[in-house]
Amino acid sequence: MPEQPHDPYHEEGAAIAATGAGGAVDLAMDEGETLEKTPGGPEGTGPDRKPRSLWSDAWHDLRRNPVFIVSGLVILFLVVISIWPQLIASGDPLDCDLSKAQEGSQPGHPFGFNGQGCDVYTRTVYGARTSVTVGVCATLGVAILGSVLGGLAGFFGGAWDGFLSRVTDIFFAIPVVLGGLVLLSVVTSSTVWPVIGFMVLLGWPQISRIARGSVITAKQNDYVQAARALGASNSRMLLRHIAPNAVAPVIVVATIALGTYIALEATLSYLGVGLKPPTVSWGIDISSASQYIRNAPHMLLWPAGALAITVLAFIMLGDAVRDALDPKLR
């Protein structure tokens, strides 16, 4: 069979065809099939994988944050001993022996005794219950009240928004510690509820402003405007579209504020207007131990150290949650 003549134009055309539109389509199809068949692609990028939401993305980051892990373990330990303090302390925090007053560490009593002869270790363990209860209940009350009032003000605006803004300005002008000295000095109850009520009363304006600004930002999004155009009711837009996308800043501020409320309870108890005996509280123990700090510093060291670790753990947790939920910090 005779050899065909060399045709450079034929080879050039073949090359062009190989790299032209048809070749590009074939290459794109091959790459698409490869992406579909490759199981090890980046998470959330394959056609069979759904993109992560804000909450799943935040949880993905939190699990890899050592600050969140450490603070979470400390808080988990505090919650467990608050519910079941007898797991690590078998004594009675109100069982005192004046003959052992101000004595140091002894077998079975690693933290020594306070001025009344009570075991400092047992009182420190049981004091976690009071502090965690006050912090959690005050934070929940502040978050719910502030979110509802601020969210409604931001959504409806108008006269309600103006009235709430002036009310929050008045509450912001009240010093917290001075307000506690005035309001709680007339309370005779030794339970935690007057202190929690005072914290909710003076704490909601901060959350209210955060929720108001977050709702104002969320209601301007396109999906909210589309829901409004389709005839969605105000309650549906608030609960289904705005609240889930506006609650993240409130959670961050509330988490950080929880540690602040625990410290505030200890401060008010130290000043004598917060919790009162026979309630076991770190603030009460710090107040009673302050006059013996030279002769028996252990009485002050252990409850103050427990208070500092607890407050620091909640603040660290709040910082980690803020970093995970704020897209600007990524």
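Me: Why does Gln-102 count as partly exposed?

Reply: The relative accessibility of Gln-102 is 30%. Buried would need a value under 20%, and exposed a value over 50%. Because 30% falls in between, Gln-102 counts as partly exposed. The model is predicted, and every value here is computed from it.

Me: What makes the phi of Gln-102 worth a remark?

Reply: Most residues other than glycine have a negative phi. Gln-102 is not a glycine, yet its phi is positive, at about 65°. The residue lies in the loop between H4 and H5.

Me: Where is there a cis peptide bond, and what is its omega?

Reply: The bond from Pro-277 to Pro-278 is cis, with omega near 10°. Most peptide bonds are trans. Pro-278 is found in the loop between H11 and H12.

Me: How do you know that Cys-96 and Cys-118 form a disulfide?

Reply: Their sulfur atoms are 1.6 Å apart. The cut-off for a disulfide is 2.5 Å, so a pair at 1.6 Å passes. A search of the whole structure finds one disulfide. Cys-96 and Cys-118 are 22 residues apart, and each is in the loop between H4 and H5.

Me: Why is this disulfide called right-handed?

Reply: The torsion about the S-S bond of Cys-96 and Cys-118 is about 70°, and therefore the disulfide is right-handed.

Me: Which of the two, Cys-96 or Cys-118, is buried?

Reply: Cys-118 has a relative accessible area of 3%, which is under 20%, so Cys-118 is buried. Cys-96 has 35% relative accessibility, between the limits of 20% and 50%, so Cys-96 counts as partly exposed.

Me: And Cys-137, is it buried or partly exposed?

Reply: At 27% relative accessibility, Cys-137 is above the 20% limit and below the 50% limit, so Cys-137 counts as partly exposed.

Me: Why is Ser-269 called buried?

Reply: Its relative accessibility is 4%, and because 4% is under 20%, Ser-269 counts as buried. The residue is in helix H11. Leaving out residues up to four places away in sequence, Ser-269 touches Gly-274, Leu-275, Ser-281, Gly-283, Ile-284 and Ser-287.

Me: What makes Ala-248 buried?

Reply: Ala-248 has a relative accessible area of 8%, so it too stays under the 20% limit. Ala-248 lies in helix H11. Ala-248 and Ser-214 are 34 residues apart along the chain, and their C-alpha atoms are separated by 8.7 Å.

Me: What share of the chain counts as buried?

Reply: Of its 330 residues, 38% count as buried.

Me: How many helices and strands does the secondary structure come to?

Reply: There are 13 helices and zero strands.

Me: Which residues have the most contacts inside the largest nonpolar core?

Reply: They are Ile-262, Leu-307 and Leu-325, in a core of 29 residues. Helices H3, H4, H5, H11, H12 and H13 each supply at least two residues of this core. H13 gives the most, with 12 residues. Among the contacts of Ile-262, leaving aside neighbours within four places in sequence, are Ser-131, Gly-135, Leu-307 and Phe-314. A second, separate core has 22 residues, including Ile-207 and Leu-268.

Me: How do you know where empty space is left inside?

Reply: Rolling a probe the size of a water molecule over the atoms shows where empty space is left. In this structure there are two cavities of 30 Å³ or more.

Me: What lines the largest cavity?

Reply: Its lining includes Asn-114, Arg-123, Asp-285 and Met-299. H5, H12 and H13 each supply at least two residues of that lining. By kind, the lining divides into four nonpolar, three polar and two charged residues.

Me: What kinds of residue line the second largest cavity?

Reply: Five are nonpolar, three polar and one charged. Lys-276 is one of the lining residues. Lys counts as charged, so Lys-276 belongs to the charged kind. Leu-184, Ser-189 and Gly-274 are also among the lining residues.

Key. Residues are numbered from 1 along each chain as its sequence is written. This is a predicted model: local features need pLDDT of at least 70, side-chain atom pairs count only at pLDDT 80 or more; totals for chains, interfaces and linings use all residues. Side-chain values use heavy atoms; hydrogens and water are left out. A nonpolar core is a set of buried Ala, Val, Leu, Ile, Met, Phe, Trp, Tyr and Cys residues joined through side-chain atoms within 4.5 Å. Buried means under 20% relative accessible area, exposed over 50%, partly exposed in between (1.4 Å probe, protein chains only). Helices (H or I, at least four residues) and strands (E, at least two) are DSSP runs, numbered from the N terminus. Contact means heavy atoms within 4.5 Å. On a 1 Å grid over the protein atoms alone, a cavity is a set of points where a 1.4 Å probe fits but cannot get out, and a pocket is an open set with protein on both sides within 12 Å along at least five of seven lines; lining residues have an atom within 4 Å of a point. Grid points are joined across faces, edges and corners, and a volume is the space filled by probe spheres set on the points.
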